[in-house]
Amino acid sequence: MSSYIFGHTTPDSDSIVGAISLSYLKNQLGEETTPTRQGEVNPETAFILNKFGYEAPELKTSYAGEDVYLIDFMESSQSPEDINEANILGIVDHHKLGDLKTAAPLEMWVRPVGCSNTIVKQMFDYHGIEIPKELAGMMMCAILSDTVIFKSPTCTKEDTKACKELAAIAGVEDYKALGMEMFIVKSDVLSATKRELVLRDFKDFEMGGNKIGVGQLEVVDLSVFDEMKQELFEAMSELKAEGERHSVLLLLTDIMQEGSQLLVLSNEADKINHAFEVTLEDKQVWLPKVMSRKKQIIPFLEKQF
Ligand code: MG
Ligand code: MG
Ligand code: MG
């Protein structure tokens, strides 16, 4: 019976490509696996799949009774609802230790690098399995996406090394230019509804009994949001009420200026002020040098809550 490999809810490129790359590796090792996804493919990921000629993995949101591998997450809040009824065979991830429990020993590849696909690349090397050209191209793009073309503070030497090796396999010379092309696709925020934008890269976290949702949009020029801030706040407000969330935060990251405008709706705005040692004005603040949700936002919120 095939096991399933999937990434987090509202999947990003690392989650989708990671499911495909890890599944390919497992299949080469003689294990039958199927890559799946928990949600819609975002425009950046669609660009990558299209560029390298791959189909999106099948959509599957229920896994009771199934054998599964998780990639790019290990939090129940980012899992399918019936994850506790699934048998977790393994986890490949680059996030903080989550709250999932298993009944049996499992395979874990968890490392503090910038991208899950960097770890998958290391797994290919460990097992001595060759990576097909087109798959290498997709893995390279996932690394460029997660590390914001190496600008994110989460980026390590291992990520740049893996990315360069994958670029060589893929035959892509100017991988930074391809990364930029990808972020320009990502910057097209005009063809989506405000709700879709807030949810495009959105994650919920449990902190001290509170549900905190944090979204992020990475663009090459922040001015695209100038005219739509109020509508973004309205969409955030809806999500806050619907999900009974304590807070909804949205990071508008400018990858050229290398910083983020943080929009905040919170039952305790003071805690947000304390977390980042700032004073919100008009429910927002500019955070210079802040580009990473997992490294520069979540740990400081955790401390406050
Ligand atoms: Mg991810
Ligand atoms: Mg990732
Ligand atoms: Mg990201």
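This is a predicted model: local features need pLDDT of at least 70, side-chain atom pairs count only at pLDDT 80 or more; totals for chains, interfaces and linings use all residues.

Student: Let's start with the metal. Which protein atoms are the donors of the magnesium ion (ligand 1)?

Tutor: Look for N, O and S atoms within 2.8 Å of the metal. Here His 8 gives NE2, while Asp 12 and Asp 72 each give an OD atom, at 2.1 to 2.3 Å from the ion. Along the chain, these donors follow the spacing H-x3-D-x59-D. Water is not among the atoms, so a site may look incomplete.

Student: Which residue coordinates both magnesium ions, and how far apart are the two?

Tutor: That's Asp 72, which coordinates ligand 1 and ligand 2; the two ions sit 3.4 Å apart.

Student: And are His 8 and Asp 12 buried or exposed?

Tutor: Both are buried.

Student: On to the sheet. What is the strand order in the open sheet of five strands?

Tutor: The order here is β7-β8-β9-β10-β11, and the pairing is mixed. At the edges stand β7 (202-207) and β11 (284-288); each has a single partner strand, so one side of each has no neighbour in the sheet. On average, neighbouring strands of this sheet are turned by 25 degrees against each other, ignoring direction.

Student: In which sense do β9 and β10 pair?

Tutor: Antiparallel: strand β9 (residues 247-254) and strand β10 (residues 259-266) pair over eight bridges. As one example to click on, Ser 247 has Ser 266 in β10 as its bridge partner.

Student: How many salt bridges does the structure hold?

Tutor: There are 16. The Glu 107 pair links distant parts of the chain, with Glu 107 in strand β6 and Lys 26 in helix α1 (residues 13-28), 81 residues apart.

Student: Why does Lys 26 count as buried while Glu 31 is called partly exposed?

Tutor: Lys 26 has 5% relative accessibility, so it counts as buried. Glu 31 has 27%, so it is partly exposed. Glu 107 is partly exposed too, at 26%.

Student: Where do the partners of the Asp 201 and Arg 293 pair lie?

Tutor: First the distance: their closest N and O atoms are 2.6 Å apart. Asp 201 is in the loop between α7 (194-199) and β7, and Arg 293 is in helix α10 (residues 293-296), 92 residues away. Both residues are buried. Salt bridges can also join up: Lys 121, Asp 125, Lys 161 and Glu 165 are linked in a network.

Student: Last one: which residues make the nonpolar surface patch?

Tutor: Leu 97, Met 108 and Val 110 make it, and the patch covers about 290 Å². Val 110 belongs to strand β6 (residues 107-110). A patch residue needs over 30% relative accessible area, and Val 110 has 36%, so it passes that cut-off and is partly exposed.

Notes. Residues are numbered from 1 along each chain as its sequence is written. Chains are lettered from A and ligands numbered from 1 in the order in which they are written. Side-chain values use heavy atoms; hydrogens and water are left out. Donors are N, O and S atoms within 2.8 Å of the metal (3.2 Å for Na, K and Ca); water is not among the atoms, so sites may look incomplete. Buried means under 20% relative accessible area, exposed over 50%, partly exposed in between (1.4 Å probe, protein chains only). Patches are made of residues with over 30% relative accessible area and no salt bridge: like charges are joined within 9 Å, nonpolar side chains (Val, Leu, Ile, Met, Phe, Trp, Tyr) within 5 Å. Accessible areas come from the Shrake-Rupley method with a 1.4 Å probe; for residues, only the protein chains shown count as cover. A salt bridge is a side-chain nitrogen of Lys or Arg within 4 Å of a carboxyl oxygen of Asp or Glu. Helices (H or I, at least four residues) and strands (E, at least two) are DSSP runs, numbered from the N terminus. Two strands pair if DSSP finds at least two bridges between them. Axes are lines fitted to C-alpha atoms, for helices over the stretch in contact, and angles run from 0 to 180 degrees between N-to-C directions.
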